[in-house]
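Good morning, and thank you for making time for this item. I would like to take the group through selected local features of one structure, so please bring it up on the screen.

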Amino acid sequence: MATGRIALLLQDHSDAISSLEFSRDGSFILVSAAKDKSVNLWDLPDDGNMFHSLIPERGWVQPVRQVAWSPNGQHIVTVGDGKTALLWELETFTVVKSLQGHLNDVTGCRFSADGKLLYTSSLDTRVICWNIQTGQIVGRYEHMTPPPSAIFAAGTNDHEVIGLDVKQSRLATICNDGFLRVWDISSEEVKDPIARVEISPDARSLAFAPDERSIAIGCQGGFLQFYSFPE
């Protein structure tokens, strides 16, 4: 019978842990990112051994907000309080691409289901879609119309994109303007959102349900909201 006891206590970070994600291959390798600017890899079957820290050649300059593991388990993306998303190759533990295109801090990152595309959200009012193979921008999902100037996007603009999630053919975002937006990403063409719903102004996180039709939103006040959309 499960006891609910602590199986492992992993300690290395010196500040709040901001993001956790397991490898997709079922190996129970965990990556953790923290406000102390560190990204660590843990082998849970090996008594939680912290076997590597991801450190770029020039070192971190800002805290890390989120990590994402590619579906094939070969890459990790890290984003944080800076304008760049770093794509890591895990075979060599090196940065293979530095994705630059945002004008403000990057708040979130998620791979497409096939791992060919990466979506990053930012305080600059937009989500950028990247081709992982080329490192090129293939789409922008705007949260202001018309898109703001570079100076406005780089500062406080009341349309900061706080987070995102991607599930098969859907992209969802929460924004400081108080709206949840859902896009159809089944084609390469960027169209208007298929849904735009007013939500709590203190929404801070979101997650798709497996059916793509339901979304859970976590709020700063300690409560959850759930939304459902037609197919």
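This is a predicted model: local features need pLDDT of at least 70, side-chain atom pairs count only at pLDDT 80 or more; totals for chains, interfaces and linings use all residues.

Let me begin with Lys37, which has a relative accessible area of 35% and is therefore partly exposed. Lys37 sits in the loop between β2 and β3, the latter spanning 39–43. Its phi is positive, about 80°, although Lys37 is not a glycine. As background, most residues other than glycine have a negative phi, and most peptide bonds are trans.

Phe28 belongs to the loop between β1 (17–22) and β2 (29–34). Is Phe28 buried or exposed? With a relative accessibility of 51%, Phe28 counts as exposed, because the exposed class begins over 50%.

The backbone also contains a cis peptide bond, which links Thr145 to Pro146 with an omega of about -5°. Pro146 lies in the loop that runs between β12 (137–142) and α1 (150–153).

I turn now to strand β6, residues 75–80. How much of β6 is buried? Six of its six residues are buried, so the strand is described as mostly covered. In a regular strand the side chains alternate between the two faces of the sheet. On one side of β6 we have His75, Val77 and Val79, and on the other Ile76, Thr78 and Gly80; all of these are buried, and both faces are covered.

Which strands pair with β6? One is β5, residues 64–69, which pairs with β6 in the antiparallel sense over five bridges. Within that pairing, Val67 has Thr78 of β6 as its bridge partner. β5 and β6 form a hairpin with five residues between them, and Gly73 in the turn has a positive phi of about 75°. The other is β7, residues 84–89, which is joined to β6 by four bridges and also runs antiparallel to it. Here the bridge partner of Val77 is Leu87 in β7. The hairpin joining β6 to β7 passes through three residues.

Next, the aromatic residues. A pair of aromatic rings is described by the distance of the centres and the angle of the planes. How many aromatic pairs does a search of the whole structure find? The search finds three. One of them brings us back to Phe28, which forms an edge-to-face pair with Phe22, at 5.9 Å centre to centre and with 75° between the planes. Phe22 is partly exposed, at a relative accessible area of 39%.

Another pair is formed by Tyr119 and Tyr141, and this one is tilted, with 6.1 Å centre to centre and 55° between the planes. Tyr119 lies in strand β10, residues 117–122, and Tyr141 in strand β12, so the pair ties together parts that are 22 residues apart in sequence. Both Tyr119 and Tyr141 are buried. Together with Trp183, Tyr119 and Tyr141 form one aromatic cluster.

There is also a charge placed over a ring: Arg196 lies over the face of Phe179, at 3.7 Å from the ring centre.

Finally, the cysteines. How many disulfides does the structure hold? The number is zero. Cys109 itself is buried, with a relative accessible area of 0%. For Cys219, the closest cysteine sulfur is that of Cys175, and the separation of 14 Å is again too far for a bond. Cys219 is buried as well, at 9% relative accessibility.

Cys175 deserves a word of its own. This residue is placed in strand β14, residues 170–175. At 4% relative accessibility, Cys175 counts as buried, because buried means under 20%. Which residues does Cys175 contact, leaving aside its neighbours within four places in sequence? They are His143, His159, Glu160, Val161, Ile162 and Arg181. The C-alpha atoms of Cys175 and Val106 are separated by 13 Å, and these two residues are 69 residues apart along the chain.

That concludes the presentation, and I am glad to return to any of these sites on the screen.

Methods:
Residues are numbered from 1 along each chain as its sequence is written. Side-chain values use heavy atoms; hydrogens and water are left out. Buried means under 20% relative accessible area, exposed over 50%, partly exposed in between (1.4 Å probe, protein chains only). Helices (H or I, at least four residues) and strands (E, at least two) are DSSP runs, numbered from the N terminus. Two strands pair if DSSP finds at least two bridges between them. Rings of Phe, Tyr and Trp (its six-membered ring) pair if their centres lie within 6.5 Å; planes under 30 degrees apart count as stacked, over 60 as edge-to-face and the rest as tilted. A charge sits over a ring if NZ of Lys or CZ of Arg is within 6 Å of the ring centre and within 35 degrees of the ring normal. Contact means heavy atoms within 4.5 Å. A disulfide is a pair of cysteine sulfur atoms within 2.5 Å.
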